[in-house]
Amino acid sequence: HADVEVVGHGVDLASDDLPGLVSSIEEFYNVDIAEFDPQVPDEDWSLTLTGQVDTDLTFTFEELTARPTEHWYVTLRCVGEGLNGRKLDTAVWTGTPIKPLLEEVDPGGTCGCAMLRAEDDYFVQFPLEALENAFLAWGMNGQPLPTSHGHPVRVLVPGHWGETNVKWLTEIELLDEE
């Protein structure tokens, strides 16, 4: 994904008080609750959509990255930050929307919600409405997604705190109840 031009990175806004529009990978804030970041090679990774679906569906990294690719500017903010905190950064993320994957499994269930699970056993529940606007990212600022940011794939859900944007995503379970 080195052909992705990161527009705004390093832009000079002629002010000592304003950073560039896009944070560098090295400077992008990072908070983990796990003792160590899972090391998941691309060829060993898969994402399964399961639960209240017609048929479980599993994607390999190769299959996921072959889907239509988009580049989204997304800003993440740490939930633990106070007013005017510095754990707020923007990157250009490369990936694919979740909505077409959800449509392929025809989600059922009565709660209209899903549990996202990660390689490190972290999990977060979302309403399906939020996931319809979400994104599966495998790249960051024109580079492969770093391990510390969820390599090989993480989710980005607009309007939700950085903490809930699951890194090292492995499963989307469609639920029958919350």
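Strand names here follow DSSP runs numbered from the N terminus, with strands (E) of at least two residues and helices (H or I) of at least four. Two strands count as paired if DSSP finds at least two bridges between them.

A quick note before moving on: this is a predicted model, in which local features need pLDDT of at least 70 and side-chain atom pairs count only at pLDDT 80 or more, while totals for chains, interfaces and linings use all residues. Residues are numbered from 1 along each chain as its sequence is written, and side-chain values use heavy atoms, leaving out hydrogens and water.

**Stop 1: strand E7 and its partners**

Keep E7 on screen. E7 and E8 run antiparallel and are joined by two bridges, making a hairpin with two residues between the strands. Click on Asn141 in that turn: its phi is positive, about 55°, although Asn141 is not a glycine. Is Asn141 buried or exposed? Asn141 counts as buried because its relative accessibility is 10%; the cut-offs are under 20% relative accessible area for buried, over 50% for exposed and partly exposed in between, using a 1.4 Å probe and protein chains only.

Gly95 has Ala137 of E7 as its bridge partner. Ala137 also has a bridge partner in E9, namely Arg154, and E7 and E9 pair in the antiparallel sense over three bridges. Six of the six residues of E7 are buried, so this strand is largely enclosed by the rest of the structure.

**Stop 2: two aromatic pairs**

Show the aromatic side chains next; a search of the whole structure finds two aromatic pairs. Select Trp45 and Phe61, an edge-to-face pair with 6.2 Å centre to centre and 85° between the planes. Trp45 is in the segment before E1 and Phe61 is in helix H1, so the pair ties together parts that are 16 residues apart in sequence. Trp45 is buried, with a relative accessible area of 3%, and Phe61 is buried too, at 14%.

Then go to Trp72 and Phe135: their ring centres are 4.2 Å apart and their planes are at 20°, so this pair is stacked. Trp72 sits in strand E3 (residues 70-77) and Phe135 in strand E7, which puts these distant parts of the chain 63 residues apart. For the cut-offs, rings of Phe, Tyr and Trp (its six-membered ring) pair if their centres lie within 6.5 Å, and planes under 30 degrees apart are stacked, over 60 edge-to-face and the rest tilted. Phe135 counts as buried, at 0% relative accessibility.

**Stop 3: the His151 loop**

Select His151, in the loop between strand E8 (143-144) and strand E9 (154-156). Zoom in on the next peptide bond: His151 and Pro152 are joined by a cis peptide bond, with omega about 15°. His151 counts as buried, at 16% relative accessibility.

Trp168 has a positive phi of about 55° without being a glycine, and is buried, with a relative accessible area of 3%.

**Stop 4: the open sheet**

Finally, colour the five strands that form an open sheet in the order E2-E1-E10-E5-E6, with mixed pairing. Strand E2 (57-60) and strand E6 (123-127) are the edge strands, each pairing on one side only. Select strand E5 (residues 113-118) and strand E10 (residues 169-175): they run antiparallel, joined by six bridges. Arg117 stands opposite Glu171 in E10.
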